[in-house]
Structures are given as C-alpha cells and as structure tokens.
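Open the model in your viewer and keep the selection tool at hand. The tour goes from one stop to the next, with something to select at each.

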Amino acid sequence: MTQQDNKQELQDRLDALNAQITKQGSHVRQLKKDGIADAIGEAVEQLQALKLEAATLQNKLQAGETQFNRKSFDDLILRKMFVIPSFEIHGGVKGLFDLGPPACALKAAMIDMWRKHFVLAENMLEMECTCLTPQVVLKTSGHVDRFTDLMVKDPATGECFRADKLLEDAIDDLIEKNPTMPNAEKEEHLKIQRQADAFSPTELDELLVKYNCKGPSGEAYSPSFPFNLMFQTSIGPEGTSVGYLRPETAQGLFVNFRRLLDLNAGKTPFAAAQIGLGFRNEIAPRSGLLRVREFCMGEIEHFVNPNDKSHPNFASVATKELVLFGRDDQLGSGKTKTVAIGEAVKSGLVNNETLGYFMARTQLYMEKIGMDPKRLRFRQHLTTEMAHYATDCWDLEIQSSYGWVECVGHADRACYDLEVHSKATKTPMVATEKVDPPVEIEYAKIKFDRKLLGQAFKQDQRVVSGLLDGLAEDWKNFEPIATALETDGKTTLDNFVITKEMVSWTKSSKKVHEVKFTPSVIEPSFGMGRILYSLLEHSFYTREGDEQRTVMRFNPQVAPQKCAVFPISSNAECNAVVDEIAADLMDSDLATRVDKSSAALGRRYARTDELGVPFAVTVDFETLKDNTITLRERDSMKQVRLPKSEITPLLMRIVHGKLNWDAVTKKYPLVQVDEGDGVVAESTEKGPTVVETTSRGRFRRPAPQN
C-alpha cells in the first residue's frame, strides 16, 4: 500500500468516526432535552470514547504534514499590530480586542466589498439601527429568556462563576485526590459530572453543597441564578426603563418591516441589510477573535412569500459548485459532497432557491476576499439543532487552526420573527400580492357578540376578534375552528377559550384580486470578526526555506495597503520621484506606503510582505534617466520594468479585478533582482546587464562580454 493509499484509508476511517460522533452528539442532546437522566451518562461516555478515537486518528493523519506555525503567526499579528488586547497596559480584559491600523483597513475593505457584493448588487435596503434595544423587543424575540446560563456568586467578594463548571471541577478534584476510590463510586461521580449542564437550579445547588464547593473567600456560594449573556443597561436617568446592548442586528430590521415594505412600494420579495456591532457577555471568551464580547455582524433579511421561495437570479449561480455536508452525510458516511447548487435545490438537499442563492453568493464573496476555497464547506443543521420554526439551516464553516468554525449562518426562519412582533404589538406585519387572473376563494363571514367578547376578554377582545378575522379569510384555516365550536361548543385559540355563543359564521365565496401573507424570512448572518480572523490565517505563510520571512497573502482588492514606494537611494532626486508617485496613487484612492529609511531594500520588501502589501514600486537610478520604475509582486517576488506614467492606471485595474499579474509579466519585461546581498543577471530590452544588490542599494552595470 502506498503512502497516499494509507492516508486515504485513515481519512475514510476518520470521516466514518466523525459521522458516529455527530450522530451520538445528536442523541445526547435529545436525551437532555427529553430529561432522560438515566441514559445520559452512558451516552456521554460513548461520545467521549468516539472523540478520543477520532483524535488518535487525526494525529496519525497529520503526522509528517506541515503544521500551522502558531508561534510565528501570533508574533506577526501582535508585532505588526493587526490585533492587540484591549486596555493592555491596565492588564487587559478577556474577550475584548482592538484592531490596529492593518486589520482596521482590512476589515473596512471586507465590509466595503460586502456592501458592493450584496447590498448594491441586489438592491437591498440598508439600515443602521441603534445598538441600544428596549427589553420588550428582546423579550418578544425570545432573547431575554433564551440567552442564559446558571451562575453562582461568592457572597464575600461578589465574584460570579458558572455553576455547572464548578461542579465539574469539584468532581475532577475529588477523583484526583482519591486515586484508590472504588470504580463503582467513581462512576457515580462521573455520571453526575456528565449531566452537569442538565440539572435544574435546585439540583445544582444541592450538588454544590454535597461536593463542598466554596468560593475564593471560603464561604458557600449563593443559590444559583440564571445569567443572561446580554449586556443589560438602563435607558434614561430614572433607571426604570431596562434595555440591552443588542446581541444581534436583525431585530432592528424586523420591527421596521412595515416602513421598509412601504419604501419598496409594497413589493415583495425584497431584502434589507445591516452591518454593525453586536454584544454578548461571554462567560469564558476564548480562541482569539472567534469568541469575543463585542463583534461586528452583517445580517441580511430577505422577505419572501412563504408559498414561493424561488429567486429571480438563481439561474446565475445554479452551476456554482459548493462543498455540502448534509445531515444525512453527517450521520452516515461522514464525507462532504461537491454539488452544483442547482442540483442541490432540485434534489431537495437545500430547501429552496432563495436559500441556495445566498449560499452560492456567500461562497463567491469568500473567494473574492481571498479565502482558500479548499477550506470552505456548508454544514446543514441537524434536526436536534434547529429551532422549531426553522425550515432549513446551513452554516458556512471555515477551516482554521481551531478546526471548522461557523462563520456565516444561512437560515430559512419561516414567518416566526414577523409573527411574534406582530402578535406582541398588535401590528399587522403582512404583505400583499396581486392575483392575475383573479381567483374564487371560500371564506367565513363572521359576526361577533361584542358584549360577550367584552365580558370574557375585556381589553383583549380586539386581540381575539383579530385572530378570528385572520383565520376567516380562508375557509381552510377557519374550518377546524368551526368544527370544534359545532362539536364541543368551544375552542382554544392562543390560550383564549372561545365559546359558540361569542361568534356566528356562514361559509361564503368571493373573487380575490390580491392575497395577504406574512412573509417568510431567509437570513444570511455574517460574523465579520470570525471571517477576518480566518482570512488572517488563510493569508499567512512563510517563505520556502526561510521561516523567519513571514508573509500575508492578501488579495489586492482587500489588502490594507495596495502599494509601497521605495527610493533606491536617499538622495533628493529619488525622494522627489517617490513623493510624486505616492501622491498620484493616493489621489486614485490606492492606499500607499512610503519607506525612505536607510534599511536595505530587501529588508524593506520584507516589511511590506508582513503587512500583506501586494505591490512595491522602486525608484532607482534608471528612473532618473528614462522615467521607468520597477514593480514587484509580493508572492512571486518577480519584478517588471515599466514607464512611471503607467503605474497608477495599471494598479487600478489590478485592484479592481480587471487585470492579473500574469498579464502584467507578459506585457512588460521581467527584471531579475536578488533581494539579499548578491549578484544576479537580468535581461532587459537594452541588452544583458548585471544587477548588484548590497546593503547600500541596487546597482546596474553592463554584463561582461565573452
């Protein structure tokens, strides 16, 4: 068996194991959800054994492969000030980071391209909503109740801890301190540990007492209480209006749906977009920029008729191939499939055209900004992961040194979001669509006994009548209500008990010219911070044969700086030309770096490589004679000579994706240059010459004749 065959066999075994892990993990989640405590311990034990086996196989598979050089990467990120800890001189705060000048410019370029690729290209309606959100909005959306973990507090110091983690640590300490503990007793403790995140507050409190868990002060912890991951604040000086820093940007778009629909002349489908900050008070921030407390999100809410989720531009992406990891493959073979999105939608693997369209557009965006396509995949949510109202969900995952990381969620959220806000505010969140030709429909013509409704429901009588009116528009929706009232004399609707005496009805028909509907929402949600970090990793590499020379391979379209300009000599004539070229580049909105330092030219090239600057212009003594300069490309380190007047329009075309480096090397003569101390030959239109590069600069002289 060849080495390649052996590697493929290991990969097949690992894929199969990962499928078993996914299946077992889904089983464990379902057991916890159903509260079947007796079976959880054994199920978790099986899951851990599978993960251990998979880790062993992964180590075998990676043996001999080039590993990601985290030490060099972290050193570059910090030294060149891409990302730094916030408030560093005061000791820093976990989960908070500052973006330095290079990453700030990189993020701005990514966002600019996101707007062009999605908002402008799709004629989306962009908003900028407030980060402060009243409690009632997030209560309605479910965030107030959903984003919680159980916490305990040290009464003396006020310091808070996650209760389930304290229990897990206490059991670890107990077992470690008692190596002779009988296996049966040990297993009982481990069983409790495995269920730590499934216990109720009362159960957790009892177990913390049982295991003698005490705070740093030596006192017993307070009773456990739910900790919401949102940052709470008060709005206004009175302190009576509770608000939160938004955990996502989407809610601002949902509550403005009616105005957005009016602005769009009442037409659907349409999309609204927003990019901005979200906040989550993570208990244990980790993995650098992957789990932080303040982050940038880009969210799109595409409003569409739930009965027609086709997309007018789907044909333009139908042949785009994506790496898909469907739920059946996750639970079966453990292998991904490369499928054209048109085929995926046709087969039902992806639920509808609009969802598939945005998946393909997201893939194209990632490729545009320079992400490695081989390290991108779309993973479908398992049924145990999806919200009850969701139709289909796919996460774009990016492979980094931390494994596969969810960076963009694509969810068909059905009508849930608009319906909950409509119900809470008694505001209709509906759109209309003309029917051509008109159709005959059956409906219920209803009449209320307002006196009985008022006596039974008081201030809620309009809510009840509104619910019945909505169902009455289509006889198919009202028929179950009518049947229950005729058979039982009463029915329950949204916790309201309605009796037969309160309402009367007749079945009628009418010709309909337009229909009303609550739009479904298809939501691509981009974690821009995670995408930024993944792009930094994908762009990082070291020069072959020299691990000290680190490079950032940024795409010219998003590179923080597009070009560097160097003088070969520090004399006034060279510096004047450098300033002229730099000014011309910056007048064309091409971010430019000028380095007139006395460092060797090779050293200056290396500095720009670390910042990911894709091109470098060198003004040398030849420039002073014939107005030509050399242009260096970062990754190949090849250089061409061209007229000074052509550099700005040339770089403009490259940066805007209209020209590539291969075309440049075919148009202009190559110049061979040694970037260290040495002598190499070059061939120009003026005949063979020798270029000598030393720490003092670069010099050209005629090549000796044979």
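Which residues are linked with Asp75 in a network of salt bridges? Select Asp75, Arg79, Lys80 and Glu610, which together form that network. Keep in mind throughout that this is a predicted model.

**Stop two: a bridge within a helix**

Select helix H4, residues 101-120, and show the side chains of Lys116 and Asp112. They meet in a salt bridge, at 3.1 Å from N to O. Both residues belong to H4 and sit four residues apart, about one turn of the helix. Are they buried or exposed, or something in between? Lys116 counts as partly exposed because its relative accessibility is 46%. Asp112 is also partly exposed, at 38%.

**Stop three: two further bridges**

Now select Lys139 and Asp145, whose side chains form a salt bridge of 3.1 Å, N to O. Lys139 has a relative accessible area of 45%, so it is partly exposed.

Move on to Lys500 and Glu486, where the N to O distance in the salt bridge is 3.2 Å.

**Stop four: a patch of charge**

Select Asp169, Asp172, Asp173 and Glu176. These residues gather on the surface in a patch of negative charge. To place one of them, colour helix H7, residues 163-177, which contains Asp173. Asp173 is partly exposed because its relative accessibility is 39%.

**Stop five: a covered strand**

Finish with strand E24, residues 563-567. Is this strand mostly covered or mostly open? Strand E24 is mostly covered, with five of its five residues buried. Show the side chains: Cys563, Val565 and Pro567 point one way, and Ala564 and Phe566 point the other way. In a regular strand, side chains alternate between the two faces of the sheet.

To see where the strands face each other, select Ala564 in E24 and Arg593 in E25, which stands opposite Ala564.

Conventions: Residues are numbered from 1 along each chain as its sequence is written. This is a predicted model: local features need pLDDT of at least 70, side-chain atom pairs count only at pLDDT 80 or more; totals for chains, interfaces and linings use all residues. Side-chain values use heavy atoms; hydrogens and water are left out. Patches are made of residues with over 30% relative accessible area and no salt bridge: like charges are joined within 9 Å, nonpolar side chains (Val, Leu, Ile, Met, Phe, Trp, Tyr) within 5 Å. Accessible areas come from the Shrake-Rupley method with a 1.4 Å probe; for residues, only the protein chains shown count as cover. A salt bridge is a side-chain nitrogen of Lys or Arg within 4 Å of a carboxyl oxygen of Asp or Glu. Lys and Arg count as positive and Asp and Glu as negative; His and the chain ends are not counted. The place of a charge is taken as NZ of Lys, CZ of Arg, CG of Asp or CD of Glu. Helices (H or I, at least four residues) and strands (E, at least two) are DSSP runs, numbered from the N terminus. Buried means under 20% relative accessible area, exposed over 50%, partly exposed in between (1.4 Å probe, protein chains only). Two strands pair if DSSP finds at least two bridges between them.
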